[in-house]
Amino acid sequence: MRIGHGFDSHKFAPLSAQQNGFVLAGVEIPYELSLLAHSDGDVLIHALCDALLGAIAKGDIGQHFPDSDPQYRGISSRVLLQKVMELVTSDGFAVTNVDVTVICQRPKLAPHIAAMRENLAQDLAVSVDQVNVKATTSEGLGYEGEGLGISVHAVALLLAND
Ligand code: MG
């Protein structure tokens, strides 16, 4: 059995002409701001990738997909998650469960949680009941509370396939 933890935070930025909000776990969340990033800014998937990489002792997302590499510019983070899962699988592990906490003052994420869990379950090759996503505010405290950005904590438990 292996456990891993991941954390990431991204800063809100003005919408570009093509954007209507931001992306979390592959779900488009309508909002007046987007999340600044080299990829699609999916801070939830980035934290989850780090939890999975942590569990197999394979470093972090920045080492595998450097933001200096143009092939990752604007890439869907779901593709990165799928690539991380290839590493997990080739190391002989499968996901037992993952648990994700998103710290976000606004917008309200509750209406999008079910769709996020579906996407993650698909990419992790598990059922939806092995994937938990919860959202909390920070009661107005810190950068999340001031609405400057979003942060995400994730843990993943893996079991060896043998
Ligand atoms: Mg990131």
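## A short tour around His46 and its neighbours

A polar contact of 3.2 Å links the side chain of Ser39 with that of His46. Here a polar contact is a pair of N or O atoms within 3.5 Å; within protein, one must be able to donate a hydrogen and the other to accept it, and residues adjacent in sequence count only if both atoms are side-chain atoms. The model is predicted, so local features need pLDDT of at least 70 and side-chain atom pairs count only at pLDDT 80 or more, while totals for chains, interfaces and linings use all residues. Residues are numbered from 1 along each chain as its sequence is written, and side-chain values use heavy atoms, with hydrogens and water left out.

Ser39 sits in the loop between strand S4 (33–35) and helix H1. Helices (H or I, at least four residues) and strands (E, at least two) are DSSP runs, numbered from the N terminus. Is Ser39 buried or exposed? Ser39 is buried, because its relative accessible area is 13%; buried means under 20%, exposed over 50%, and partly exposed in between (1.4 Å probe, protein chains only). Ser39 touches His46, Tyr72, Gly74, Ile75 and Ser77, leaving aside residues up to four places away in sequence; contact means heavy atoms within 4.5 Å.

His46 also meets Asp8, a residue of strand S1 (residues 2–14).

| Side chain | Partner side chain | Distance |
|---|---|---|
| Ser39 | His46 | 3.2 Å |
| Asp8 | His10 | 3.0 Å |
| Asp8 | His46 | 3.3 Å |

Now for helix H1 (residues 43–55), which holds Leu48. Leu48 counts as buried because its relative accessibility is 0%. Among the residues it touches, again not counting those up to four places away in sequence, are Leu81, Val98 and Leu120.

Leu148 is partly exposed, because its relative accessible area is 47%.
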